[in-house]
Amino acid sequence: MDEANCSEAILAALLTLNPTQFCNLTRTLASDSLFQVHRLCALLLSPPRFQLTLRYIDSLSLPQKTHLIARLLLRSLQTITRHLSDDHRHAHQAGALGGARDYDAGLLLYTLCQLSDSERLRLAEASDWRVAVADHVAKEALRFSGLGFGEWAVVGPYVDAAMKCRRFIEAAGDGREKGEGRAAASVVVSIGESPVGAAAAGRECVICKEELTEACELPCSHVFHWFCIARWLRKNNTCPYCRLELPTDDVFCEIQRLWKLVVARNKLNLCEDYFSRRAY
C-alpha cells in the first residue's frame with residue numbers, strides 16, 4: 001500500500017465516525033499528545049536524564065531500536081482503531097512500552113528520526129545534542145498544527161504516525177507477509193469457560209472433534225473447549241473456524257492486523273453507501 005492509499009484508507013475510516021465518536025477520539029488523542037509533550041520536555045529539561053537515555057539508546061542493537069520505534073508508532077494506530085471498533089471486549093495494548101526508560105528512549109529516538117537533513121547536520125556538529133533536539137521540538141510546537149487549532153490539528157499528527165506505522169512495517173517488518181503470530185496472553189486469559197448453551201448443545205469442538213460440554217467463546221461467537229483453544233492460541237492468533245484475527249503481542253503482526261481492520265471498516269462503509277443509494 002503506497003502513501004496515498006495509506007492516507008486515504010485511514011481518513012476514510014475516520015469519516016465513518018459520527019460527531020460524538022469523533023469528539024471522543026479527539027479528546028483521547030489530545031490527552032495522549034499532551035502526555036507525550038510533557039515526557040519529552042521533562043527529558044530535555046534534565047541533562048542527566050537526557051544523557052542516560054542517550055546511553056541506553058546507544059547500548060541497543062539495531063533490531064531493538066527498530067522495535068522501540070515500532071511500538072511507539074503502534075500506539076497511534078491502536079488509539080485510532082479502538083475508536084473505530086464496535087467491540088472492545090478484547091482491547092489490548094500489544095507491544096506496549098513497558099517502563100519509563102523504554103518510553104523515554106522510544107520518544108527520543110522517534111524525535112531524532114524526525115529531524116530534517118539540515119538539522120541532522122547541525123546535530124552532528126553540536127557539542128550538546130539536548131540543546132539541538134530542544135530547538136527542533138520548540139520549532140515543531142510553534143507550527144500552526146502544533147498549536148492545536150481545531151480537531152483535525154489534533155488528529156493530524158496521529159494519522160501521520162499511523163501512516164508511518166504502515167510504511168515502517170513494510171521497510172522493517174523482517175519479511176513477514178501473513179501477519180500471524182501467537183495470541184496475546186491477556187486475550188487468552190480473558191476468554192472464560194462456561195456451560196454450553198442450548199444453541200451449542202450437541203455440537204463438537206472443531207479442534208478435537210469431541211462433543212462440547214464446557215466451552216469458551218471467541219469474539220466471533222465460535223465455541224471450543226478451553227484447553228483446545230488455549231493450546232491453539234499459544235501458536236496462532238486466529239479463530240480455527242473462521243480465521244478471525246485476535247490481538248497479538250508481536251508488534252509487526254499487530255500493526256498488520258490493525259491495518260486490516262481499517263481497510264475492513266472502509267469496505268463496510270462503501271457497502272452501506274451502495275445499498276443506501278440503491279434503496280432510493
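How many helices and strands are there in the protein chain? In this predicted model, the chain holds 11 helices and 3 strands.

Let's begin with the chain as a whole. It has 280 residues, and 42% of them count as buried. Looking at contacts between residues with a separation of 6 or more, 67% come from residues 24 or more positions apart. The accessible surface of the chain is about 15600 Å², and carbon and sulfur atoms supply 56% of that area.

Now turn to a pair of helices. Two packed helices are described by the angle between their axes and by the distance between those axes. Here, helix α5, covering residues 100-113, packs with helix α7, covering residues 129-141, at an angle of about 75 degrees, and their axes are 11 Å apart. Angles of 65 to 115 degrees count as roughly perpendicular, so α5 and α7 are roughly perpendicular to each other. On the α5 side, the contact is made by L108, T111 and L112, while α7 brings V133, H136 and V137. Sorted by class, this contact has 4 nonpolar and 2 polar residues, with no charged residues.

Helix α5 also takes part in an aromatic pair. A search of the whole structure finds 1 such pair, formed by F35 and Y103: their ring centres are 5.6 Å apart and the ring planes stand at 55 degrees, so the pair is tilted. F35 belongs to helix α2 (residues 19-44) and Y103 to helix α5, so the pair links distant parts of the chain, 68 residues apart.

Finally, have a look at the backbone in two loops. S221 is not a glycine, yet its phi is positive, at about 80 degrees. You will find S221 in the loop that runs between β2 (214-217) and β3 (223-224). With a relative accessibility of 45%, S221 counts as partly exposed. R243, another residue other than glycine, has a positive phi as well, near 70 degrees. The place to look for R243 is the loop between α10 (226-233) and α11 (251-279).

How values were computed. Residues numbered from 1 in each chain as written. Predicted model: local features only at pLDDT ≥ 70, side-chain atom pairs only at ≥ 80, totals over all residues. Heavy atoms only, no water. Axes fitted to C-alpha atoms, helices over the stretch in contact; angles between N-to-C directions. Helix = DSSP H or I, 4+ residues; strand = E, 2+ residues; numbered from the N terminus. Parallel < 35°, antiparallel > 145°, perpendicular 65-115°, else oblique. Contact = heavy atoms within 4.5 Å. Nonpolar A, V, L, I, M, F, W, Y, C, P; charged D, E, K, R; others polar. Phe/Tyr/Trp six-rings, centres within 6.5 Å; stacked < 30°, edge-to-face > 60°. Buried < 20%, exposed > 50% of the residue type's maximum accessible area, 1.4 Å probe, protein only. Areas by Shrake-Rupley, 256 points an atom, 1.4 Å probe, with all protein chains shown as cover.
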